Amino acid sequence: MTGTNLTGATQVLFGATPATILTNTPTQITATAPAGTGTTNVTVTTPNGTSNPLPYTYTTTPAPTITTLNPTSGPTSGGNTITITGTNLTGATQVLFGATPATILTNTPTQITATAPAGPPSVVNVTVTTAGGTSNPLPYVYVAAPVVISVSPQFGSDTGGNTVTIIGSNLALASAVHFGPNLATGLTVISDNQLTVTAPPGTGTVVVTVTTPGGTSTLGPGSPYYTYLGAPVITSLIPNQGSELGGDSVTINGSNLTYTDSVTFGGTPASFSVLSDALVVATTPAHAAGTVNVQLHTPAGNSNTLPFTYDPA
């Protein structure tokens, strides 16, 4: 406020309520207005008396209202950016997640962006405070990070396409599953502890990770590994004939044979031993005389077939 003969002001009144005097010169006073409503008269008192009044009108600052949060959930570690939309958000002085303040990044009348603070797994209320008051609350969910303990099966074809079950914890809100860098498809949530997906194509041994609003799983307890296998191939049978009584030892040469889980002669299972990725030794089962197909199976699928001849006993 400006005027004359203001030196030594002892009081500034807004109506009947005193203001806090900040600075005082013969021609100017700055003061902090007290709370009030409507229009009131401002006067200055010095040792020489009280000034003429001038009107001062209090304007009402509307309380903020928030309508949406995006996203509505996030990791317990915080650090993610939350967009808050609403009305009367200008001049926000505080954004609280429960009782914990967030860092305000941007602020317009209809939108605030803030960095979520850390919090334990729980549901908290988000509120915005401005000069007009504190907004209505909206819920925000802190989600614990997902954990992958095991995958089943742990092997599959390098072409993908097979169904894989993932066991762990905090999986209910899964939004993506990766096999190494590759995104799986067909994500189905069975429970908070179990998912099923369709394996994507890939190579080698990879880590299976699950992503939720709580983050992406990291290596921990268990075995979250999946190994891609090339399709088994058999190139020769030595010998390629034997007695219909069975009991003959047959060397099966080929490739991608390490994870062989069955060998059949004409559809009849044979006992076998895996000696290397290129060598399996099988014992022929009994079979009627004639020529049959020999086939080998691994988690990557069935091999090609080669003929084996059973001779009459």
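Four strands, in the order β8-β10-β14-β13, make up an open sheet with antiparallel pairing. At its edges stand β8 (65-70) and β13 (103-107), each with a single partner strand, so one side of each has no neighbour in the sheet. Neighbouring strands of this sheet are turned against each other by 25 degrees on average, direction ignored; axes here are lines fitted to C-alpha atoms, for helices over the stretch in contact, and angles run from 0 to 180 degrees between N-to-C directions. Strands are DSSP runs of E with at least two residues, helices are runs of H or I with at least four residues, and both are numbered from the N terminus. Two strands count as paired if DSSP finds at least two bridges between them. Within this sheet, five bridges join β8 to strand β10 (residues 81-87) in the antiparallel sense, and I66 stands opposite G86 in β10.

The model described here is predicted: local features need pLDDT of at least 70, side-chain atom pairs count only at pLDDT 80 or more, and totals for chains, interfaces and linings use all residues. Residues are numbered from 1 along each chain as its sequence is written, and side-chain values use heavy atoms, with hydrogens and water left out.

Taken as a whole, the protein chain has zero helices and 35 strands. The C-alpha trace spans about 135 × 30 × 25 Å along its principal axes. The radius of gyration of the chain is 39 Å, whereas a compact globule of 313 residues would have a value near 20 Å; the radius is taken over C-alpha atoms, and the globule rule is 2.2 Å times the number of residues to the power 0.38. Of the 313 residues, 35% are buried, where buried means under 20% relative accessible area, exposed over 50% and partly exposed in between (1.4 Å probe, protein chains only). Among contacts with a separation of 6 or more, 53% are between residues 24 or more positions apart, a contact being heavy atoms within 4.5 Å.

A second open sheet has the strand order β18-β20-β24-β23, again with antiparallel pairing. Its edge strands are β18 (147-152) and β23 (185-191), each of which pairs on one side only. The twist in this sheet averages 25 degrees from one strand to the next. Strands β20 (residues 163-169) and β24 (residues 194-198) run antiparallel and are joined by five bridges, and the bridge partner of I167 in β24 is Q194.

Strand β28 (residues 233-238) pairs with β30 in the antiparallel sense over five bridges, with I238 opposite T251. Five bridges also link β30 to strand β33 (residues 279-283), again antiparallel, and here V250 stands opposite A282.

Finally, S157 is found in strand β19 (residues 155-157) and is buried, with a relative accessible area of 11%. Leaving aside residues up to four places away in sequence, S157 touches Y226, Y228, L229, P299 and A300.
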